[in-house]
Amino acid sequence: MTQVISGPPAGPDGSDPYVARCLADIVGYQNVPNQQTLDVALASFAALRPESSQRPKLAAVLAVAMVKAGMLREPDRVGQAVELAGIADTDPAQPPQWRPAAAAIRSLDLLMAARDGRPGFDPHNGLAEVRRFAAMVGGEEPYATMIESSRLGVELMIGMADSDSGSMTRVTAQMRQLVDRSGSTVDQLRAQAHRDQAELLDTMARIAAMAQRGDAAGALANFDQLYRRYEHLPANHPLRLQLDGVMPALRPVLRMSGRGAVADPDGYGRGAGPIDAAMSSELGGLALLTEQPGLSDAERASRLATLAVAEQGLGVDDPAMLSRAIGRWEQVIGLCAAHDPRRPFYLLSAGVAHLSRLAATGRREDLHRGIDLLEQAQSVAAHAYWTMAAVPLAHAYRLRGQYETAKRTALSGLRGHAWNALLQPDPVEIASAARFAAQDAVETARWCLSDGDAAAAATALDAGRGLMLYSAAETRELTSRLTGRGETRLAEQWRQAMDRGGPLQAPADLRRQVIAAVAGVGLDDAGVPLGRPADATTRLLDPPGPDEVRAALAALDADALVYLVPGEDRAGAAVIVSAGEAPTWCKLPELSIAGGEFERLAAGMAGHAEDVRSRRGPAPAVREMLATGAAHPLDAVCEWAWRAAIGPLLALGPGRAAGRPLRLVLVPMRELASIPWHAAYRLVDGRRRYAIEDAVFSYTVSARLLCETAAASDVALTGAGLIVGDPDTIGAGAELLAAREEAAAIRAAYYPAARYVGRTPDGLSVNAGTGSPGDVLEWLAGRCGSMMHLACHGVVRKGASVDGTSYLLLAGGQRLAADELLRSRGGGPVPAAGLAVLAACRSGASVSGYDEAFSLGTALLAAGVRSVVSAQWSVPDDPTSVLMFMFHHYLRIARMRPLDALRAAQLWMLDGGRQPPKAMPPTLRWRLDDQPPALAAWAGFTHSGR
């Protein structure tokens, strides 16, 4: 159907043949919109005389036609439309369709500016302008969809510039939703183009997120899949045109990362090994890409940076290649505009390159130039790169003898990790944001200890611990916290966002404003922080100080909080904050995790990680080992644990009170978190004497979580609660007869008013509930009593993400994951949940690195449960059932607190002359052996909380 266009009104040049020809060609383009007809129309427009009175109107008509045809997907076409828009704006009587079309065109231009790093362009200001266009257009199509697409694109570029994988993931999900919504408002060809672009951006963001959290293999697999599709696209396909400048550059870089090339910014001193012919060829290909004619300065800088990253990663042990990389970085910095969002990354990478060459050659010039570049990086970065620059800069300061400056710089950088974590709404994204936090924290703590500053070391260590749990705890009450700081307008905006979709759906810039307001960091009109995380005026970003920790220890009746810090090529240390003394520390020469004994012991533990499965008893290999009298690897580990740490620590007796055993709360760092320190032992008169016989041990993720738990009100246990007995998983997990007998016996003896769900010992389901995720969440909401006992399957699956990798296996095969437990609390009041007992395999095992300590048990603590008992490994069915019964016996009959009840139950298990209480039913009595159980059968359970 031919579209009718009103021609130019009569005027002095109304009969001008150029105007008539241009109008005819525009009509031709509207009727048959393709590249050829558009080029003809543009050529006719270019032939118009500049003074023609009809020129602005024809510019508007042609620009509107370009918008409606959906052909503004390439930079050149957008540039042509922008030029037409500038001419059209000179007409005082513009057509009705002009304003929304102009808004759509300019929003696309802002997207191109963000994507290309256009000199002088600020993406945050650009985003604000796109939003103004959206408000102006409202819901008028197709303009509204184009503007929304541009907004998401600019947000994606900001996320990439900030190394914010969480923001990238959220934006690409919104892009897919936009494509689905807009499919009915545009023709199929344009809808497919939208889908292609959304898929491209989604894949690129997924690759970036995987690379940032250290999953080089996953990033490379996704890239190779995208590359195969790219190779089969026609040369003139719009998607191919978008990818042409990206794919050849990214492919070798990702492959090098997969081989072990340096990916983290403080990786000076580690290389990827020899460079083979294929790698040399790929480096040559990258070099050719940097020399293509016609590139803008920003694009050439981007390509040179890609080559420099590759050379820097491969050249750590090759000073000549490092020098080539440094030369490229100098070119990049010279080409890069002052406001290019990639400039902080360029400066950071260049500074690290100089430190790498310093390590290889000892050139002092590299030290001074590296410091200069890293200081520049921090001066222009108010996001993730500011934090990433802190540790290498602190390292450089120490090399120059500026020890106090180095310590301040490193500690302020740790504040940045907390800032980055708080900006993420979801555990999966927090894990990515905090991927270097623990590494930086341990390095900083070692510097503090070498300076004799134990208090600063404790602060540093805590700053890198459990940031997922910290973020969840700190951001629950944001509305009230904002109101308390006088930010009533922002508090209302946040409340409305929570009502609409919760923290996962809240706009990223709103969350940034909220966190900045609570932290005391100012923002400009575009939402960019005016200060750095180090400039925050509240304690939000800092761990609790020694006075707060001492108060928490007193509230919990504990003597000391002890960080166990592993050594690598040096001695380890214990950093101690005691209830009545100033922080101190002691050197532990054998507490090393690199080489020698620990690696041998860890390898043995890894080989027997599944010695006992699903509470069903030992695996065949272990049964054979027990039958032959061979030692379990755990025995050697616990003997080493006494020598390496616990023996010296108990001899020191930090904060020891007279007349009772020493009471310690442990924070084992890094790989040390896998060791059951309470089961450390030495031989006394020919028998093992375990640490638990001489002291009381609890564990905590961090001083932050310890203080929050200590500040919460105590919850008295009653005869009510929730008991889950081996729900029917419909084949997803093996049946656990002993678990059902355990659950039924505990309820009958100690919790007669408890709600029992799952199955009875004879395998029948009970009427009160099947043992579903909903039953557990209902208890967590405070509606089923103060105690929960879970006798069921726990599953941990290691992976690059924390999402759904640690879960309870419940009725119908349903899963209740740790991240769901963490989200369940939301912003509501603290529940009246006193104790959660997770008699489930590996319920205390972390799924996201040792120092994040993110598990089913810690997720419940962060959700408000006061005390948690959980299992560090797969536990055997029979002794676990007896141990759990005795735990509740001491809890209810002896009126002990959970920590002391667990210790008493474990000591009872070790007692060769033990006698079961009368309340223990025959079904559990017969599960008792004549001898104390193997170490693996009792030592896996630990306590955290009150």
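Modeller: The chain holds 39 helices and 16 strands, taken as DSSP runs (H or I of at least four residues for helices, E of at least two for strands) and numbered from the N terminus. This is a predicted model, in which local features need pLDDT of at least 70 and side-chain atom pairs count only at pLDDT 80 or more, whereas totals for chains, interfaces and linings use all residues. Residues are numbered from 1 along each chain as its sequence is written, and side-chain values use heavy atoms, with hydrogens and water left out.

Of the 946 residues in the chain, 58% count as buried (under 20% relative accessible area, 1.4 Å probe, protein chains only). Among contacts (heavy atoms within 4.5 Å) between residues at least 6 apart in sequence, 69% join residues at least 24 apart.

Helix 21 (residues 437-450) and helix 22 (residues 454-463) have axes that come within 8 Å and cross at roughly 180 degrees; axes are lines fitted to C-alpha atoms over the stretch in contact, and angles run from 0 to 180 degrees between N-to-C directions. The two helices, helix 21 and helix 22, are therefore roughly antiparallel (over 145 degrees). On the helix 21 side the contact involves Ala441, Val442, Thr444, Ala445, Cys448 and Leu449, which meet Ala454, Ala456, Ala457, Ala460 and Leu461 of helix 22. By class, this contact of helix 21 with helix 22 has ten nonpolar residues, one polar and no charged.

Helix 3 (residues 55-69) packs with helix 4 (residues 75-88) at an angle of about 145 degrees, the axes being 8 Å apart. The crossing of helix 3 and helix 4 is left-handed (the near helix turned anticlockwise from the far one by less than a right angle). Helix 3 contributes Arg55, Pro56, Ala59, Ala60, Leu62, Ala63 and Met66, and helix 4 contributes Arg77, Gln80, Ala81, Leu84, Ile87 and Ala88. These residues of the contact of helix 3 with helix 4 divide into ten nonpolar, one polar and two charged.

Turning to the strands, five of them form an open sheet of mixed pairing, in the order 3-2-1-4-7; two strands pair if DSSP finds at least two bridges between them. Strand 3 (584-588) and strand 7 (695-699) are the edge strands, each pairing on one side only. From one strand to the next, the twist averages 25 degrees. Strand 4 (residues 662-668) and strand 7 run parallel and are joined by five bridges. Val665 has Ser698 in strand 7 as its bridge partner.

Notes: Angles under 35 degrees count as roughly parallel, over 145 as roughly antiparallel, 65 to 115 as roughly perpendicular and the rest as oblique. Ala, Val, Leu, Ile, Met, Phe, Trp, Tyr, Cys and Pro count as nonpolar, Asp, Glu, Lys and Arg as charged, and the others, Gly among them, as polar. Buried means under 20% relative accessible area, exposed over 50%, partly exposed in between (1.4 Å probe, protein chains only).
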